[in-house]
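Colleague: I would like to check the labels in this model one by one. Please set each against its definition.

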Amino acid sequence: MDIKKLQTLVVDALEDVKAQDIALFDTTHLTSLFDRIAIASGTSNRQTKALAASVRDKVKAAGGEVYGMEGEDTGEWVLVDLGDIIVHIMQAPIRAYYRLEEIWGDKPVKLGAAKRKSTKEGEEADAPKKISSHLAAGKKAVAAEAVVEKKTTARKPAAAKATTTAKKAAAKPAAVPAGKRVKVGAPKATVAAVKALKAAPKPRAAKPKAEEAPAKTVIKRIKKAAE
């Protein structure tokens, strides 16, 4: 039987019984005894046995050969030998302990590629998926353009404007109309000095004494003798 058809049968048989974590690996570069190795997990002894029986029955129904089965007694690890493919059906703790993927897992085979294109499942797996036009992945890429951000000046509320205007008006002296006099208050120090001078007693002028009266000057005229 063709290896691709055989691996398709194995994967379908495992999926029919709800196998977990199905993995398929290409081993042609590691050994000449078999070409593929399949690993799957079961949740209980009953499920592992059912998975092995599903693989056996499906391969035989398709005209393939089953060379042997091992581990059916305990159900912890059941091995199905199909010649070109070895199928390991294990419970999760056993699979985590032996780590067969680390030994044979150099070349994993995608499960979609494991199905033949002639089958309905294979056609669905290989068909390109349609992307809805409303999704971002379905839209054509648009060349990015530079965006110039405009600076916007925050508008002050009317109350703040009125307060600012009032402060500015108070800071500036009021304009004096032409032809009018403006009374400017005298400094406090000047007002205090004027009050002190008014309150102080006025000094009286001293009268001149009699003896100190100015002396009178007597001018005598001298008549000239007749010649």
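Colleague: Which residue of E5 stands opposite Ile37?

Modeller: It is Ile86. This is a predicted model with residues numbered from 1 along each chain as its sequence is written, and side-chain values use heavy atoms, without hydrogens and water. Local features need pLDDT of at least 70, side-chain atom pairs need 80 or more, and totals for chains, interfaces and linings use all residues.

Colleague: What makes E2 and E5 a pair?

Modeller: Two strands pair if DSSP finds at least two bridges between them. E2 and E5 have seven bridges, so they pass. Their sense is parallel. E1 and E2 also pair, over five bridges, in the antiparallel sense. There, Phe25 stands opposite Ile37 in E2.

Colleague: How do you know what counts as a strand or a helix?

Modeller: Both are DSSP runs, numbered from the N terminus: helices (H or I) need at least four residues, strands (E) at least two. The protein comes to eight helices and five strands. Their order from the N terminus is α-β-β-α-β-β-β-α-α-α-α-α-α.

Colleague: Why is E2 called mostly covered?

Modeller: Buried means under 20% relative accessible area, exposed over 50%, partly exposed in between (1.4 Å probe, protein chains only). In E2, seven of seven residues are buried. Arg36, Ala38, Ala40 and Gly42 point one way, while Ile37, Ile39 and Ser41 point the other. In a regular strand, side chains alternate between the two faces of the sheet.

Colleague: Why does Gln91 count as buried?

Modeller: Its relative accessibility is 15%, so Gln91 falls under the cut-off of 20%. Gln91 sits in strand E5. Its side chain reaches the backbone oxygen of Gly75 at 3.4 Å. Contact means heavy atoms within 4.5 Å. Beyond its neighbours within four places in sequence, Gln91 is in contact with Gly42, Ser44, Asn45, Thr48, Gly75 and Glu76.

Colleague: Is H1 enclosed or in the open?

Modeller: Ten of its 14 residues are buried, so H1 is largely enclosed by the rest of the structure. Among the buried ones are Ile3, Leu6, Val10 and Leu14. Just after H1, Lys18 takes a positive phi of about 60°.

Colleague: And what makes H8 an open helix?

Modeller: The number of buried residues among its twelve is zero, so H8 lies largely in the open.

Colleague: What makes a group of residues a nonpolar core?

Modeller: The members must be buried Ala, Val, Leu, Ile, Met, Phe, Trp, Tyr or Cys residues, joined through side-chain atoms within 4.5 Å. The largest such core has 21 residues, and Val10, Leu14 and Leu82 are among those with the most contacts inside it. H1, E1, E2, H2, E4 and E5 each supply at least two residues. The largest share, five residues, comes from H1. A second, separate core of eight residues includes Phe25, Phe34, Ile39 and Ile86.

Colleague: Which residues touch Leu82, leaving aside neighbours within four places in sequence?

Modeller: Leu6, Val10, Val55, Val59, Glu65, Val66, Tyr67 and Val87 are in contact with Leu82.

Colleague: How much of the whole protein is buried?

Modeller: Of its 227 residues, 23% count as buried.

How values were computed. A polar contact is a pair of N or O atoms within 3.5 Å; within protein, one must be able to donate a hydrogen and the other to accept it, and residues adjacent in sequence count only if both atoms are side-chain atoms.
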